[in-house]
Amino acid sequence: MDAFLKYLAVFVTGGLLCVVAQILIDKTKLTSARILVLYVVTGVFLTAIGVYEKVVKIGRTGATIPLTGFGYALCKGVFKAIDEKGFIGILTGGVEAVASGIAMAIFFDLVASFVSKPKSKNS
Amino acid sequence: MNLEQKEYSKLVEKHSGKSNVFVNCLRAFLVGGIICVIAQIYNDILPFSEEVSKVHTTVFMVFFGALFTALNVYDNIGKFAGAGSIVPITGFANSIVSPAMEFRSEGRIMGVGAQMFVVAGPVLVYGISSTVVVGLIYFLLTR
Amino acid sequence: MAQKVGNQTFVLDRKVYWREGVCIVGPKEKEGPLGKYFDQKEDEDFGEDTWEKAEARFVSATYAKLLAKSKINENMVDCIFAGDLLNQCIATGNGLKKTGRPYFGLYGACSTMAESLILASLLIDGGGANNAVCLTSSNFASAEKQFRFPMELGNQRAPDAQWTVTGAGACLLSSDNMGENCPVIVSVTPGKMVDYEVKDVNNMGAAMAPAAAFTIQAHLSDLNFSPDYYDMIVTGDLGITGKKLCREILKKNGLDIDLKDCGEMIFDPETQGTCAGGSGCACSAVVLNGYILRKLRENALNKVLFVATGALMSPISTKQGESIIGIAHAVSIQNM
């Protein structure tokens, strides 16, 4: 039961973050690129003021997998690097924290684009 | 024949189709939630420490986002789920692979290489720049 | 020589015959409500490896089909008026580069079919040419790539968004009917550009609706016609939303017209997921040269006012926040 509740928290947190974006898309005609930018930047600032850490405690991947979580990882990485390395951490921390995700995205996406062709849509 | 600008704007507003926000939100909620739960399950079965597992999970989800895009499936998920498949990191991967695939006809360098970040580029630009700003403030406050 | 009547209408002096019309469409169009009126179906990629090459193939195949069906020697084509949606009309250029006939590339967005009909009929009426080809094309995938998003990007279509028609339509206008009974182009009304500050690229019907209403009203008042003069007044690709808007504007100005719209007729939004309907240069071109030509030949229609509509914009103007310019050209086609 306890495990179920934990997964439910993941589901609800992730779902709600998507619902907010859906309302923005439907009501303001924001394109997906703008939504993603908005989410990352929001994630960074919510983490900086300490709010997002609490959301992650409850929602776990429900909070880290949405793009706000990408901002969370960036921000946490910067703070950690500053604590460890001082000033230069401002520049190294963010990218270091998300390096694996970006490298994976670039490399696998490159391979994918070589082997796969876009298909037209029917509806 | 005359038509006032303001009058027409009102007319457009009146006749524009409305999205079914409730149904769209429900779908976004379900798909977005399921994607996160899949990530959590994967995360929980990994034998690594919490920090390392988290990184593995992100990479795993990026991989699947790219894979389903390459299999010509992700756009169909997106049609159903809307933001539910845009907001998770799988959607970020989708936004990189889809232009890369689309522009492969323009060559590997200026096509695939340059167009890959047409949607995801701004995410990195503003994501990283905002951490520099936030980091600078943090640095000044903690000295 | 054509006579200018009223503010912007030209009444043709000679008979300009619509000798033949052909169209080739994609699979989705063939499955649509007007499917049986289209001559040929090809896949969206037409066996080519890029969308742009595919669109050029649609152009060249449609041109070849037109020559074959109208049984004229290519040397008798005095000039070609053609265009598409891609940058610098390159699909048309590539599709027609081997024709060896004089060529004018036109850009009127989705109004290009009517624009080409107007120019070709005025040229023939003036005695400068005997045979002219009008041809336009569009392709769903190449248009999405240029104006919207990559094919595989997972996002939803907005409710007023329109679906670019894949295909090409072409016709042969001629000063000579070769003894056959052909519909005749009687008068033309080139439209003016209008801008009502519509900036939503997912609602192009709204940007074009005022232009269509103005052109229809100008045509009717220049010639002193009542709307019942025509059996059918058909707009190009206003779509469901745009048609509603256009009717409202006309109604406010005292014209209650039962408009038809090629974009609305070509797809079934319920089963085909096309939101507000079809669009693209090919939309009005295939409906005109498939469905409407057939109905004129069967005498089910005798007087048609064809009003192709265009939304003038580019991906750059959109990003810079410019509004979408609407335009509509009218061509009056009648059985004599």
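This is a predicted model: local features need pLDDT of at least 70, side-chain atom pairs count only at pLDDT 80 or more; totals for chains, interfaces and linings use all residues.
User: Is strand β14 of chain C mostly covered or mostly open, and how many of its residues are buried?
Analyst: Strand β14 of chain C runs over residues 325–334. Buried here means under 20% relative accessible area. The strand is mostly covered, and of its ten residues the number buried is nine.

User: Which strand pairs with β14(C) over ten bridges?
Analyst: Strand β9 of chain C, residues 184–189, pairs with β14(C) in the antiparallel sense over five bridges. In that pairing, Val184(C) has Gln334(C) as its bridge partner. Gly310(C) stands opposite Ile327(C) of β14(C). The antiparallel pairing over ten bridges is with residues 303–312 of chain C, strand β13.

User: What is the volume of the largest cavity?
Analyst: Searching the whole structure gives two cavities of 30 Å³ or more. The second largest cavity holds about 40 Å³ of space. For the largest cavity, the volume is about 120 Å³.

User: Which residues lie nearest the centre of the largest cavity, and which domains supply its lining?
Analyst: The lining has 13 residues. By class, nine of them are nonpolar, three polar and one charged. Those nearest the centre are Leu85(C), Cys110(C), Phe147(C), Met204(C) and Met313(C). At least three lining residues come from each of two domains of chain C, namely domain 1 (3–174) and domain 2 (184–334).

User: Which helices each supply at least two residues of the lining of the second largest cavity?
Analyst: The lining consists of Ser32(A), Leu36(A), Ser85(B), Ile86(B), Gly91(B), Asn94(B), Leu153(C) and Gly154(C). Three of these residues are nonpolar, five are polar and none is charged. The helices that each give at least two residues are α2 (32–48) of chain A and, in chain B, α5 (83–86) and α6 (89–102).

User: Why is the pair of Phe70(A) and Phe92(B) classed as it is?
Analyst: Over all chains, the structure holds 19 aromatic pairs. The ring centres of Phe70(A) and Phe92(B) lie 5.4 Å apart and their planes are at 40°, so the class is tilted.

User: Where do Phe70(A) and Phe92(B) sit, and which chains does the pair join?
Analyst: Both Phe70(A) and Phe92(B) are buried. Phe70(A) belongs to helix α5 (residues 67–85) of chain A, and Phe92(B) to helix α6 of chain B. The pair therefore crosses between chains, from A to B.

User: Which residues do ring pairs link into a cluster?
Analyst: Rings count as a pair if their centres lie within 6.5 Å. Such pairs link Phe108(A), Tyr42(B), Phe60(B), Phe63(B), Phe64(B) and Phe68(B).

Technical notes
Residues are numbered from 1 along each chain as its sequence is written. Chains are lettered from A and ligands numbered from 1 in the order in which they are written. Side-chain values use heavy atoms; hydrogens and water are left out. Buried means under 20% relative accessible area, exposed over 50%, partly exposed in between (1.4 Å probe, protein chains only). Helices (H or I, at least four residues) and strands (E, at least two) are DSSP runs, numbered from the N terminus. Two strands pair if DSSP finds at least two bridges between them. On a 1 Å grid over the protein atoms alone, a cavity is a set of points where a 1.4 Å probe fits but cannot get out, and a pocket is an open set with protein on both sides within 12 Å along at least five of seven lines; lining residues have an atom within 4 Å of a point. Grid points are joined across faces, edges and corners, and a volume is the space filled by probe spheres set on the points. Ala, Val, Leu, Ile, Met, Phe, Trp, Tyr, Cys and Pro count as nonpolar, Asp, Glu, Lys and Arg as charged, and the others, Gly among them, as polar. Domain bounds come from an automatic or database domain assignment. Rings of Phe, Tyr and Trp (its six-membered ring) pair if their centres lie within 6.5 Å; planes under 30 degrees apart count as stacked, over 60 as edge-to-face and the rest as tilted.
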